[in-house]
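Hi,

Here is the structure I promised to send over.

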Amino acid sequence: MADEEEQQEKKQKKAEKAGVLVLGPFFPDLIQAIDSNFTLFKLWEAEDEQAFLAHNAGQIFALVGDASIGATAHLIDALPNLEMVSCFSVGTDKVDLVKCRERGIVVTNTPDVLTDDTADLAFALVLTTMRRVCAADRYIREGLWPIHAPYPLSHTI
């Protein structure tokens, strides 16, 4: 009996949580964290997006997307209680910023989150090019090492 009451209490608390619409099956840890703290609405699982939005729109206060899936004017208009659009990517290209500004909707993103990784990759590509790593790899994979002379020395930076 106590278990049933506990389950009912959990359901009630979850129903009282703010609704968050997640646009795609992003990182499982992100989905789990949202589900633990909010009422989660998974748009990508909806068979009929229009019907799904019409049924749940009043409960949705935030929307989560990324650089590939954002918030169009049509989607924003379908959510009358929308207060925040959150993008876990650097850009907001897929978010209708004009519509958000008109409605006073806060838009967030993660600027500079990839800056260090991009710099690391750029440096790795410079080293790879200067040291001819890809060409040397191809040379060995094609079995040219025993046929031709050893692979030519590469340059330093």
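What percentage of the 157 residues of the chain count as buried? The figure is 27%, with buried meaning under 20% relative accessible area for a 1.4 Å probe, protein chains only.

Before you dig in: this is a predicted model, where local features need pLDDT of at least 70, side-chain atom pairs count only at pLDDT 80 or more, and totals for chains, interfaces and linings use all residues. Residues are numbered from 1 along each chain as its sequence is written, and side-chain values use heavy atoms, leaving out hydrogens and water.

On the overall shape, the chain has a radius of gyration of 25 Å, while a compact globule of 157 residues would be near 15 Å (taken over C-alpha atoms; the globule rule is 2.2 Å times the number of residues to the power 0.38). The C-alpha trace spans about 80 × 50 × 30 Å along its principal axes.

Now to Asp-66, which sits in the loop between strand 3 (60-65) and helix 4 (73-77) (DSSP runs numbered from the N terminus: helices are H or I, at least four residues, and strands are E, at least two). Asp-66 is buried but has no salt bridge, and Lys-94, the nearest side chain of opposite charge, is 8.6 Å away. A salt bridge here needs a side-chain nitrogen of Lys or Arg within 4 Å of a carboxyl oxygen of Asp or Glu.

What does the side chain of Asp-66 reach at 2.9 Å? That is the backbone nitrogen of Ile-69.

Cheers

Notes. Buried means under 20% relative accessible area, exposed over 50%, partly exposed in between (1.4 Å probe, protein chains only). Lys and Arg count as positive and Asp and Glu as negative; His and the chain ends are not counted. A polar contact is a pair of N or O atoms within 3.5 Å; within protein, one must be able to donate a hydrogen and the other to accept it, and residues adjacent in sequence count only if both atoms are side-chain atoms.
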